[in-house]
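I'll go through the surface, the core and the charged pairs in turn.

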Amino acid sequence: PAAVYNDVAPQNYASSHVPRPLTTDGPTRGGGLAVVFKESLVVRRHPLADNYTPRTCELQLLRIGSPPVCHTVVNIYRPQWMSTVSEFVDELSDIVSSLSAECTDNIVLCGDVNCPGVDSFTVDNELQMALDSLGVTLLVNTPTRSSSLLDIVATTSPTVVSGITVDDAGQLSDHCLVTVNIATRCPKPTVAYTWRNLRRVSASVHEAALRQLGALQSTSRHD
């Protein structure tokens with residue numbers, strides 16, 4: 001219900017939510033994905049979202065910004081019980097390839113993919129090879145949970161993304177907070193104007209109204 005996902009958005013912010021799909025062998029509670037964003041930003045459900053019903057991960061597909069600078073955000077959560085790394089990588093590759101063919105947006109992948117690499121600074125080699133082949137640059141290179149790199153931000157246009165940080169955020173979660181700056185375009189605010197056509201103002205009526213309000217007073221000069 002709206003009361004639930006609106007509760008996570010502070011004043012002047014809004015949220016978009018995708019519930020966890022029900023599966024016969026998965027949890028019956030929890031899960032789902034959400035994006036909280038400033039109301040001044042143009043954020044909407046992606047027009048291609050209905051084309052994808054992944055089996056290996058949870059997926060939220062959004063479009064951010066206005067032409068000519070738009071970003072397709074692929075928000076992902078892959079629970080380990082949902083798929084193997086190989087299955088996930090294959091499906092993710094198909095999704096990114098399809099999006100690249102259908103739209104010209106910068107594609108941003110983000111979320112907890114649970115694909116750790118052989119050390120704290122890499123993801124699984126299958127995932128890294130797939131990203132490289134798709135022309136997607138992984139921007140996170142430090143561990144995001146304990147000693148593993150699980151949470152990623154990756155993009156097809158790294159020049160529009162800057163300021164990547166990984167912070168424990170006061171240890172509010174067992175995952176670190178990953179933040180980036182993404183260049184986008186916000187619509188200009190609507191400004192309303194009102195005016196009076198002075199050519200149609202009657203000077204005599206205007207003077208009478210001012211006298212009635214006591215705004216004009218007669219004065220006399222005594223020598």
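**Surface patch.** I started outside: Val8, Tyr13 and Val36 make up a nonpolar patch on the surface, with about 240 Å² of accessible area together. For the record, patches take residues with over 30% relative accessible area and no salt bridge, joining like charges within 9 Å and nonpolar side chains (Val, Leu, Ile, Met, Phe, Trp, Tyr) within 5 Å. The areas are Shrake-Rupley with a 1.4 Å probe, and for residues only the protein chains shown count as cover. Tyrosine 13 sits in strand 1, residues 13–18. Its relative accessibility is 31%, so tyrosine 13 goes down as partly exposed; the cut-offs are under 20% for buried, over 50% for exposed and partly exposed in between (1.4 Å probe, protein chains only). Strands are DSSP runs of E, at least two residues, and helices are runs of H or I, at least four, numbered from the N terminus.

**What I'm working with.** This is a predicted model, where local features need pLDDT of at least 70 and side-chain atom pairs count only at pLDDT 80 or more, while totals for chains, interfaces and linings use all residues. Residues are numbered from 1 along each chain as its sequence is written, and side-chain values use heavy atoms, with hydrogens and water left out.

**Phenylalanine 37.** I looked up this one in strand 2. Leaving aside neighbours within four places in sequence, phenylalanine 37 is in contact (heavy atoms within 4.5 Å) with Tyr13, Ala14, Ser15, Ser16 and Val43. Phenylalanine 37 and serine 16 are 21 residues apart in sequence but 8.4 Å apart C-alpha to C-alpha.

**Core.** Which residues have the most contacts inside the largest nonpolar core? I noted Val74, Ile76, Phe88, Leu99, Leu109 and Leu127, in a core of 39 residues. Helix 2 gives the largest share, 6 residues. A nonpolar core here is a set of buried Ala, Val, Leu, Ile, Met, Phe, Trp, Tyr and Cys residues joined through side-chain atoms within 4.5 Å. I then checked leucine 99: not counting residues up to four places away, leucine 99 touches Leu48, Tyr52, Leu61, Thr72, Val74 and Ile107.

**Threonine 155.** Buried or exposed, I wondered, is threonine 155? Buried, since its relative accessibility is 0%. Threonine 155 belongs to strand 8. A polar atom of its side chain lies 3.4 Å from the backbone oxygen of isoleucine 107, and the side chain also reaches the backbone nitrogen of serine 157 at 3.0 Å. Beyond four places in sequence, the contacts of threonine 155 include Asn106, Gly135, Leu139 and Val161.

**Salt bridges.** My search of the whole structure turned up 5 salt bridges, each a side-chain nitrogen of Lys or Arg within 4 Å of a carboxyl oxygen of Asp or Glu. One of them pairs arginine 20 with glutamate 58 at 2.5 Å, N to O. That pair links distant parts of the chain, 38 residues apart: arginine 20 is in the loop between strand 1 and strand 2, glutamate 58 in strand 4. Arginine 20 counts as buried at 16% relative accessibility, and glutamate 58 is buried at 2%. Aspartate 50 and arginine 45 also meet at 2.5 Å, N to O, and both are exposed. Glutamate 207 and arginine 211 bridge at 3.0 Å; both lie in helix 4, 4 residues apart, about one turn of the helix.

Notes: Polar contact = N/O pair within 3.5 Å; in protein donor to acceptor, adjacent residues only side chain to side chain.
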